[in-house]
Amino acid sequence: MLLRRMMSKLGVGSAYVDLILNKQVYKPGDMIEGQLHIHGGTVEQKITKLDVDFVRKTLHDGKEEDTVIATIPVDGDFTIEPEQKKVLPFTYQIPENIAPSQPGISYRFITRLDIEDAVDILDFDYIQIVTK
């Protein structure tokens, strides 16, 4: 049991999260809906925070730059038991004045599961923004 606890602190056998969106293509102003699936690992773990960043990735002159457009807090301060499955709803409205996806501009959600005394778990989900 001690070995499993130590391994989970390093991310092996740790809880993980998966953002599942209803679709991947959106227009400015659309409401994004989906679910966050949290899966417990091999040991009980305390989750201190669960949030999702909406990020624009820009490629300019061979350099990548990430800009956080919004941070969406989802949940925090709960315990996930070994092998437990938890599903939370997710919604976010895309800003009306957002530039569409194009070469050099892409969008993604970065879901962050902040686990107390352990490696944080990240999930990446790309979406495409098209003109109206």
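1. Ground rules. The model is predicted, with local features needing pLDDT of at least 70, side-chain atom pairs counting only at pLDDT 80 or more, and totals for chains, interfaces and linings using all residues. Numbering starts from 1 along each chain as its sequence is written, and side-chain values use heavy atoms, with hydrogens and water left out.

2. Aromatic pairs. The structure holds five of them. Rings of Phe, Tyr and Trp (its six-membered ring) pair if their centres lie within 6.5 Å; planes under 30 degrees apart are stacked, over 60 edge-to-face, and the rest tilted. F54 and Y92 make a tilted pair, at 5.3 Å centre to centre and with 55° between the planes. Strands here are DSSP runs (E, at least two residues), numbered from the N terminus. F54 and Y92 are buried, meaning under 20% relative accessible area; exposed is over 50%, and partly exposed is in between (1.4 Å probe, protein chains only).

3. What about F54 and Y107: how far apart are the ring centres, and at what angle are the planes? The centres are 5.7 Å apart and the planes at 20°, so the pair is stacked. This pair, too, links distant parts of the chain: F54 is in β4 and Y107 in strand β8 (residues 105–115), 53 residues apart. F54 and Y107 are both buried. Ring pairs also link F54, F90, Y92, Y107 and F109 into a cluster.

4. A charge over a ring. K86 lies over the face of F78, 3.8 Å from the ring centre. The criterion is NZ of Lys or CZ of Arg within 6 Å of the ring centre and within 35 degrees of the ring normal.

5. Positive phi in loops. D77 has a phi near 55°, a positive value in a residue other than glycine. It is in the loop between β5 (63–75) and β6 (78–80), and D77 counts as exposed at 55% relative accessibility. E83 is another non-glycine with positive phi, about 65°. E83 belongs to the loop between β6 and β7 and is exposed, with a relative accessible area of 54%.

6. Strand β9 and its partners. Two strands pair if DSSP finds at least two bridges between them. Strand β2 (residues 25–26) and β9 run parallel, joined by two bridges; V25 has Q128 as its bridge partner in β9. Between β8 and β9, which run antiparallel, there are seven bridges, and I110 is partnered by F124 of β9. The hairpin of β8 and β9 has five residues between the strands, and D117 there takes a positive phi near 55°.

7. The two faces of β9. In this strand (residues 121–129), which face is covered and which is uncovered? I121, D123, D125, I127 and I129 form the covered face, while L122, F124, Y126 and Q128 form the uncovered one. F124, in β9, is partly exposed, with a relative accessible area of 41%.

Terms used:
Helix = DSSP H or I, 4+ residues; strand = E, 2+ residues; numbered from the N terminus.
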